[in-house]
Amino acid sequence: MTMLKRLATPFWCVSVNPSIDKRVRVSSLIPGCVNRVSEVRAAPGGKAAHVAMVLRTLGAHPLWIGFAGGLTGTQLLDGLLALSIRLQPVTTNVDTRINLEIIDDQGRVTELLEPGLPIGEKEWKSLFDTCNKLFSQQDRSGIVIASGSLPTGADPGFYAKLTALVHRHGHKIFVDTSGEPLRLALGAAPDFIKPNREEAERLVGKTIGDPPSWKNAVNRLVGLGARSAIVSLGEDGLIWQAGAGQDTYHAKSSNVKVTSSVGCGDATVAAFAYAMSAGLSVEKTLRLAAACGAANCLADSPGRLREADIAALEPLVRIEKLT
């Protein structure tokens, strides 16, 4: 495994639409019928929570900042604390949502994602005030990872405004979202974005199907405002361009037996954030990122990677520079 450094870099994981993730197993899922569940697991969820979990596995000490409400909010916070993740919650009057992941014996995954109830104006102000205070108190340059969907009724410009706030305090920000919130965020020049293939296709307006189109897509995303970008391609790996005018790379892990791909992109984002703070080389960055994404497929729940899996997968990552 890549020699991990003890980092002094502050990491903040911002989550405005967190969840409790329930993973259930059934022999087969039959719509319109009674389906008997053989196993249920509940864990802290939301993309930023998964990122924080992976950063902890890599040896960092992130601070999770996010909304939490009701009994499910308490369950979320207790679960994160049990994983030794530091917390700065903002209490809401609405319950934290529940996401359901159903896995059948054929390995098919069905997700049912609650939208997240509307958050009050006072709570949004409290979140921004909390972020402003935390970011201003830190003299050392840090990395904010802001990821996930927005709750119902939220301002689609949230990530753009957060990006401006982060940059005002001299920190870097990774944004992992989709649709209009991502398009607006690009106007604020986030330091890193990670759309998947479908999300990137909507942004660039073209199909992403072969290596030339992969390279054109990531070039276009950088041209739209991202200072660095990857596009996650599922089984085809990932494409990365570290900045305008820089080389474009393709990395692909070896095939693994997939329990579920939920959270693989979050694991990849966490690895890139760690690699940036540690100053890893291009090769080590790509090996760590692709290995973390693949290791998440083997995890018992999203974000709960095992160091042994990462170490075993890193040497098997294939890397090429796209010309």
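# A guided tour, stop by stop

Start in the loop that joins helix H2 (70–82) to strand S5 (86–91), and select Ser84 there. This is a predicted model. Check the backbone of Ser84: phi is near 65 degrees, a positive value in a residue other than glycine. Is Ser84 buried or partly exposed? Its relative accessibility is 47%, so Ser84 counts as partly exposed.

**Stop two: another positive phi**

Now select Ala189, in the loop between H5 and S10. Ala189 is not a glycine, yet its phi is positive, about 60 degrees.

**Stop three: helix H5**

Step back to H5 itself, residues 179–186. Colour its buried residues: Pro181, Leu182, Ala185 and Leu186. Look down the helix axis. The buried residues fall within an arc of 135 degrees, so they line one face of H5. What do they pack against? Show helix H4 (158–168), strand S9 (172–176) and strand S10 (192–193).

Glu180 counts as partly exposed because its relative accessibility is 37%.

**Stop four: H6 against H7**

Two packed helices are described by the angle between their axes and the distance between the axes. For H6 and H7, the axes come within 10 Å and cross at roughly 65 degrees. The crossing is left-handed. Show side chains on both helices. From H6, take Arg197, Ala200, Leu203 and Val204; they meet Trp214, Ala217, Arg220 and Leu221 of H7. Sorted by class, this contact of H6 with H7 holds six nonpolar residues, two charged and no polar ones.

**Stop five: the nonpolar cores**

In soluble globular proteins, nonpolar side chains tend to be buried together. Here the largest nonpolar core has 51 residues. Which residues have the most contacts inside it? Select Leu55, Ile145, Phe272 and Cys292. Then show helix H8 (residues 264–278), which supplies the largest share of this core, nine residues.

Centre on Phe272. Beyond residues up to four places away in sequence, Phe272 touches Phe174, Phe192, Ile230, Leu238, Trp240, Thr285, Leu286 and Ala289.

Another core, of 42 residues, lies apart from the largest one. To find it, select Cys131, Leu165, Ile208 and Ile239, which are among its members.

**Stop six: a buried serine**

Go to Ser253, in the loop between strand S13 (248–252) and H8. Its relative accessible area is 17%, so Ser253 is buried. Neighbours within four places in sequence aside, its contacts are Ala290, Ala294, Leu316 and Val317.

**Stop seven: a buried glutamate**

Finish at Glu101, in strand S6 (residues 97–104). Is Glu101 buried or exposed? At 6% relative accessibility, Glu101 counts as buried. Now list its contacts, leaving out residues up to four places away in sequence. Glu101 touches Lys22, Arg23 and Val24, among others. Also in contact with Glu101 are Val109 and Thr110. Ser260, Val262 and Pro302 complete the set around Glu101.

Methods:
Residues are numbered from 1 along each chain as its sequence is written. This is a predicted model: local features need pLDDT of at least 70, side-chain atom pairs count only at pLDDT 80 or more; totals for chains, interfaces and linings use all residues. Side-chain values use heavy atoms; hydrogens and water are left out. Buried means under 20% relative accessible area, exposed over 50%, partly exposed in between (1.4 Å probe, protein chains only). Helices (H or I, at least four residues) and strands (E, at least two) are DSSP runs, numbered from the N terminus. The arc is that of the directions from the helix axis to the C-beta atoms. Contact means heavy atoms within 4.5 Å. Axes are lines fitted to C-alpha atoms, for helices over the stretch in contact, and angles run from 0 to 180 degrees between N-to-C directions. A crossing is left-handed if the near helix is turned anticlockwise from the far one by less than a right angle, and right-handed if clockwise. Ala, Val, Leu, Ile, Met, Phe, Trp, Tyr, Cys and Pro count as nonpolar, Asp, Glu, Lys and Arg as charged, and the others, Gly among them, as polar. A nonpolar core is a set of buried Ala, Val, Leu, Ile, Met, Phe, Trp, Tyr and Cys residues joined through side-chain atoms within 4.5 Å.
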